[in-house]
Amino acid sequence: MSEHDTGSVEEVLIKYYDGTERLAKVVDREVPYPDGKLIVSRTDPKGIITHANRAFVEMSGYTREELLGVNHYILRHPDMPAVAFKDLWDTVAQGKKWQGYVKNLRKDGSYYWVKATVIPNIRNGELVGYTSVRRKPSRSKIKESEALYATLR
Amino acid sequence: MTLNLSVSPDFPPTHLSGWFIFNTWLQRQLDTGVHLELYDSFDAQREDIRNGKIDLIYANPYDASMLVRELGFKVLVRPRNRADETVIAARADDPRNCVEDLEPGVKIATTADPDVHTMGMIMLESADLDKDNVSFQEYDSYVLVAKALLNGQADAGFFLKAGYDELSELVRNKTKSLVSSQISVVHHTLVIGPRMQEHAELLRERLLGMEEDPKGREVLKSMGLDGWDVMDEEETEFMIDLIDTLIE
């Protein structure tokens with residue numbers, strides 16, 4: 001849990017890169033990353049979720065049915081700068097691995113931090129999607145990322 | 001032509017004889033000679049794999065990437081209920097109770113097992129620990145990793161969970177787990193090489209049928225396995241992709 005959490009609740013309009021938007025509840029309360037677990041998801045080339053493991057379901061607060069078929073940006077927290085995701089997509093589009101620290105928004109409005117690694121899935125030379133694996137970040141990396149992202153928003 | 005079977009060096013020593021029994025079973029099924037070659041060293045085994053000396057291997061997930069994507073091997077089956085998980089443990093009387101209690105300079109006892117070492121390092125990241133601020137001592141077995149903990153040569157040790165669970169109760173009770181991975185989709189696989197592809201279909205069928213047959217069940221028991229499950233190409237690729245995200 002972050003020592004700065006206030007527990008405040010607000011409604012925030014989140015605008016996505018594809019022009020869609022949604023009004024989301026945002027609660028300033030961190031949910032700790034579970035020890036020893038990896039959150040795993042896969043998407044198609046457009047970012048639509050095609051696979052969610054149990055840790056992903058548990059940490060996101062959504063059911064598996066709610067996650068499958070929707071864009072991965074459903075997890076995007078408004079504190080995350082768009083430029084971080086642009087870097088992610090630019091990197092994986094070149095066939096490279098992307099790694100970074102991400103603040104995710106849960107269905108209930110609270111948040112969790114992850115160290116995320118995203119790689120393109122290549123089958124017979126064709127891009128068929130992306131695999132994202134998230135693991136527990138250190139508190140110092142979270143603090144650094146909070147400071148950095150605040151300057152990029 | 002005699003074919004060569006091998007087993008990833010991280011298999012539990014208690015099941016050594018089981019692999020010889022499996023090899024006898026295998027030769028009967030295929031009606032051909034199969035030589036079982038075992039290794040103490042992961043590197044020596046990898047070199048022989050790369051030199052085309054191995055036709056069938058019970059491979060650790062870390063090597064599956066090289067076998068499938070570089071050398072044209074195909075996964076036949078995976079062991080049922082045998083996910084590879086990693087435990088980081090310390091002495092039971094150590095005041096440190098979680099990974100975040102470990103500090104730079106910590107001494108880690110590990111093995112050459114690439115999966116366990118990789119996952120152990122990932123679980124240390126949350127304490128800002130990496131190869132630059134911890135020291136490692138490599139041991140040949142999980143029993144020796146546990147010994148290093150008990151006699152104070154190491155602060156924490158990396159164990160394959162199955163290896164940790166197989167420590168004697170006396171030893172295990174003198175240690176405690178700081179963290180245990182719960183990944184569940186990373187596991188060993190039985191992988192067949194290009195020279196042996198003609199046997200692939202028959203062998204998969206016989207492997208899947210082992211648990212239905214009393215003799216097959218005995219062989220499985222001697223290897224410490226419950227049975228085999230089909231693993232299709234996409235499941236294999238998924239596991240390899242996942243492991244790729246964990247390797248720097």
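Helix α3 of chain A, in this predicted model, has A:A84, A:F85, A:L88, A:T91 and A:V92 as its buried residues, where buried means under 20% relative accessible area, exposed over 50% and partly exposed in between, with a 1.4 Å probe and protein chains only. Seen down the axis of α3(A), these residues fall within an arc of 125°, so they line one face of the helix; the arc is that of the directions from the helix axis to the C-beta atoms. The exposed residues A:K86 and A:A93 sit on the face turned away from the buried side. Helices (H or I, at least four residues) and strands (E, at least two) are DSSP runs, numbered from the N terminus.

The buried residues of α3(A) pack against β5 (98-105), β6 (111-123), β7 (126-135) and α4 (139-152) of chain A, contact meaning heavy atoms within 4.5 Å. The length of the helix can be checked as well. At 1.5 Å a residue, the 12 residues of α3(A), residues 82-93, should span 16 Å, and the end C-alpha atoms are 16 Å apart, which agrees; the expected span is 1.5 Å times one less than the number of residues. Just after α3(A), A:G95 takes a positive phi of about 80°.

Chain A as a whole has 4 helices and 7 strands, in the order β-β-β-β-α-α-α-β-β-β-α from the N terminus on. A compact globule of 153 residues would have a radius of gyration near 15 Å, and chain A has 15 Å, which agrees. That radius is taken over C-alpha atoms, and the globule rule is 2.2 Å times the number of residues to the power 0.38. Along the principal axes, the C-alpha atoms of chain A fill a box of roughly 50 × 35 × 30 Å. Of the 153 residues, 50% count as buried. Among contacts in chain A between residues at least 6 apart in sequence, 51% join residues at least 24 apart. The accessible surface of chain A is about 7600 Å², and 53% of this belongs to carbon and sulfur atoms; areas come from the Shrake-Rupley method with a 1.4 Å probe, and for residues only the protein chains shown count as cover.

Chain B is divided into domain 1 (3-82 + 185-246) and domain 2 (86-180), with bounds from an automatic or database domain assignment. The C-alpha centres of domain 1 and domain 2 of chain B lie 28 Å apart. Their contact takes 10 residues from domain 1 and 9 residues from domain 2.

Helix α5 of chain B, residues 142-150, has B:Y142, B:V145, B:A146, B:A148 and B:L149 buried. Seen down the axis of α5(B), they fall within an arc of 155°, so they line one face of the helix. After α5(B) comes B:G152, with a positive phi near 80°.

B:T111 lies in the loop between β6 (107-110) and α4 (114-124) of chain B and is buried, with a relative accessible area of 7%.

Another loop, between α1 (16-30) and β2 (34-38) of chain B, holds B:T32. Leaving aside neighbours within four places in sequence, B:T32 is in contact with B:M1, B:L3, B:Q27 and B:H199.

Residues are numbered from 1 along each chain as its sequence is written, and chains are lettered from A and ligands numbered from 1 in the order in which they are written. Local features need pLDDT of at least 70, side-chain atom pairs count only at pLDDT 80 or more, and totals for chains, interfaces and linings use all residues, while side-chain values use heavy atoms, with hydrogens and water left out.
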